[in-house]
Amino acid sequence: MTDQDQGNQPTPEEPANLADQVNEVFEQAKLDDDVEPATENAAGDTAAEEAADPVAAIQRELDERTEDLQRLSAEFANYRRRVDRDREAERVQAKAKLAGELLVLADDLDRAEEHGDLADGTPLKAFADKFRGVLTAQGVEEFGAAGEEFDPDIHEAVQDLSEGDDKVLANVLRKGYRINGRVIRTAMVIIGDPQ
């Protein structure tokens with residue numbers, strides 16, 4: 001092209017006339033005459049509100065995040081309490097199991113005491129005192145002494161010599177033990193009448 005031909009044509013920055021400019025804008029925007037008016041919906045309302053008041057939108061999002069965080073915090077607190085409760089129950093159960101296995105030694109010491117083998121000054125007496133001290137320190141309590149009222153929940157009756165409605169322990173064949181209020185072994189008893 002020559003310099004004269006270039007002078008006759010409009011430059012890309014300058015459209016030829018106003019009508020060409022309007023058509024070019026419509027083509028770039030791709031607008032149709034059949035455009036329907038926008039319907040309002042929840043998302044449109046929210047977008048309009050956010051555009052109108054961005055502080056309210058930020059506050060709403062902050063409130064939602066705060067609720068999520070509070071819910072998560074409550075769930076974690078419940079989980080931690082449940083784990084602590086289960087851990088404590090397992091600890092008590094393990095302690096009860098060990099104490100239950102040691103009760104045969106306590107029975108042997110009771111029989112030795114009945115035969116007079118635990119007199120003061122004997123080595124077995126010192127062992128018996130230490131052993132019973134360890135059981136007591138672990139929360140193990142003995143029950144089932146002669147004269148106590150009979151309770152079928154914690155006493156195992158092997159013989160009933162009573163004649164009335166009031167029943168007491170006439171003889172204790174084997175002591176019962178509990179740990180932290182939980183019975184780990186019932187007392188084996190003979191039932192009799194109160195005296």
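## Briefing on a predicted chain of helices and strands

In strand β4, Gly-176 is the bridge partner of Phe-143. The model is predicted: local features need pLDDT of at least 70, side-chain atom pairs count only at pLDDT 80 or more, and totals for chains, interfaces and linings use all residues. Residues are numbered from 1 along each chain as its sequence is written, and side-chain values use heavy atoms, with hydrogens and water left out. The chain has five helices and six strands; helices (H or I, at least four residues) and strands (E, at least two) are DSSP runs, numbered from the N terminus.

**Overall layout**

- Read from the N terminus, the elements follow the order α-α-α-α-α-β-β-β-β-β-β.
- Of the 195 residues in the chain, 17% are buried; buried means under 20% relative accessible area, exposed over 50%, and partly exposed in between (1.4 Å probe, protein chains only).
- Contacts (heavy atoms within 4.5 Å) with a separation of 6 or more are made to 55% by residues 24 or more positions apart.

**The sheet of β1, β4 and β5**

- Strands of a sheet pair through backbone hydrogen bonds, either parallel or antiparallel.
- Here, three strands form an open sheet in the order β1-β4-β5, with antiparallel pairing; two strands count as paired if DSSP finds at least two bridges between them.
- The edge strands, β1 (140-143) and β5 (182-185), each pair on one side only.
- On average, neighbouring strands of this sheet are turned by 35° against each other, direction ignored; axes are lines fitted to C-alpha atoms, for helices over the stretch in contact, and angles run from 0 to 180 degrees between N-to-C directions.
- Four bridges link β1 to β4 (residues 176-179) in the antiparallel sense, and Val-140 has Ile-179 as its bridge partner in β4.
- Three bridges link β4 to β5, also in the antiparallel sense, with Ile-179 opposite Arg-182 in β5.
- The hairpin of β4 and β5 has two residues between the strands, and Asn-180 takes a positive phi near 50° in this hairpin.

**Helices α4 and α5**

- Helix α4 (residues 54-114) lies across β1, β4 and β5 and runs at about 45° to β5.
- The axes of α4 and α5 are 11 Å apart, and the two helices pack at an angle of about 140°.
- The two helices are therefore oblique to each other: angles under 35 degrees count as roughly parallel, over 145 as roughly antiparallel, 65 to 115 as roughly perpendicular and the rest as oblique.
- The crossing of α4 and α5 is left-handed, a term used if the near helix is turned anticlockwise from the far one by less than a right angle, and right-handed if clockwise.
- Residues of α4 that meet α5 include Leu-102, Leu-105, Ala-106 and Leu-109; among their counterparts in α5 are Leu-124, Phe-127, Phe-131 and Leu-135.

**Nonpolar cores**

- In soluble globular proteins, nonpolar side chains tend to be buried together.
- A nonpolar core is a set of buried Ala, Val, Leu, Ile, Met, Phe, Trp, Tyr and Cys residues joined through side-chain atoms within 4.5 Å.
- The largest core has 13 residues, of which Ala-106, Phe-131, Leu-135, Val-140 and Tyr-177 touch the most other members.
- Two or more residues of this core come from each of α4, α5 (123-137) and β4, and α4 gives the most, with six residues.
- Val-140 is in contact with Ala-99, Leu-135, Tyr-177, Arg-178 and Ile-179, leaving aside its neighbours within four places in sequence.
- A second, separate core has seven residues, including Phe-143, Leu-169, Ala-187 and Val-189.

- Strand β6 (residues 187-192) is mostly covered, with five of its six residues buried.
- Strands β2 and β6 run parallel and are joined by five bridges; Ala-157 stands opposite Val-189 in β6.
- Strand β3 (residues 168-174) and β6 run antiparallel and are also joined by five bridges; the bridge partner of Leu-169 in β6 is Ile-191.
- His-155 lies in strand β2 (residues 155-160) and is buried, because its relative accessible area is 4%.
- Not counting residues up to four places away in sequence, His-155 touches several residues, among them Phe-143, Leu-169, Ala-187 and Val-189.
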